[in-house]
Amino acid sequence: MMNMDKIEKWILLEQSGELSAHRKKILDACPEAPAKRAELNALCAALPKSDAEPAPWTVTKINARLKTERRSILLPARVWQPILALAACLTLVVMTYDFKPDTVTEQAAVLTAAETYAWSVEFDADLVELESLIQSISGTSLDITEM
Amino acid sequence: MEIDDAKTLAAYRSGDLEALGVLVEKYKGPLFGFIYKFSEGREDADEVFQEVWVRAIKNMNRYRQKNLLSWLFRIAHNLMIDRIRKNRPAVSFDAPVSEDGSPLGDLLPSDRLGPDHESGGHDLGVRIEAAAANLPLEQREVFWLRMQGGLSFKEIARVQKCSINTALARMQYAVSKLRNELAGEYREIQEAG
């Protein structure tokens, strides 16, 4: 003996075509089933057929929306191209700027070395001059660097 | 998905704009009818209907189901949930408030099917629709997915992301509530049947 809850569920499944043949046999043997079945069928039949329809231009609108959205996806790319170009230019400038201090440093180093060399040569000359002066005064040979 | 639907969709994606018209024409009846039940008028329903198709076409790559209509209903369901969340009232009429889990909406007097309405002698179908409008959202959705959309309970379960048993129980509650609300008319219905 099936309870009413099960009968109702099986009738709903039967109506949607989801009840197995085996269960349908059991349901058919149930004395309460025909009344429940008739009730559900009558309810379905009493429901008004919906005459609501989408507007006739719906497809056109959907196509237009899809087209616009596709374009709006592409649009940022178009906007991004000059931005990317600008970014590339900026990168180039920054890199060039980044390299410049190195060049300056190298140049400075070269200049410093040259100045140091020039200074050393002058200093040596002064030393030689001083040495010969001391030598002429004292009459003895003196290595000033040993002082 | 039916082979025809797959072919039509493929044709649309390869640039045949008329292919969309074929699909919309094929499914507009059940889909628009269902959306219309949950919308605020024809214009609103039109907007939702268009949005369903736009989303469906945009996400076609992710579509793996067999039945296109069922998938369209799934999108419509998600859209409706989004809209309801956006316009959610401070107290939900569907939230259970009593010990037996009855939603608040069940405890309040019906605003659609008063005695005046009944005595107006309106069409039986209109009265059923008005009574169905008072059902809790999930039950109402199952009811119309089955009655208007013609979806199987397996498909309804997929749309609502629940088990077949839950979908069946919701339908059972819906029918039972309609039976109670339309007690007088039910005899009329049975006689008509």
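How many helices and how many strands are there in chain B? This is a predicted model, in which local features need pLDDT of at least 70 and side-chain atom pairs count only at pLDDT 80 or more, while totals for chains, interfaces and linings use all residues. Residues are numbered from 1 along each chain as its sequence is written, and chains are lettered from A in the order in which they are written.

**View 1. The elements of chain B.** Chain B holds 11 helices and 0 strands, these being DSSP runs numbered from the N terminus (helices H or I, at least four residues; strands E, at least two). Of its 193 residues, 34% count as buried, that is, with 20 or more other C-beta atoms, placed from the backbone, within 10 Å of their own.

**View 2. Helix H1 of chain A.** The 12 residues of helix H1 (residues 4–15) of chain A should span 16 Å at 1.5 Å a residue, which agrees with the 16 Å between its end C-alpha atoms, because the expected span is 1.5 Å times one less than the number of residues. Among the buried residues of H1(A) are Trp10(A), Ile11(A) and Leu12(A), and the cover over the buried residues of this helix includes H2 and H3 of chain A together with H9 and H10 of chain B. Just after H1(A), Gly17(A) takes a positive phi of about 75°.

**View 3. The contact between the chains.** Chain B gives 35 residues and chain A gives 30 residues to the contact, where two residues are in contact if their C-beta atoms, placed from the backbone, lie within 7 Å.

Conventions: A residue is buried if 20 or more other C-beta atoms lie within 10 Å of its own, exposed if 12 or fewer, and partly exposed in between; C-beta atoms are placed from the backbone.
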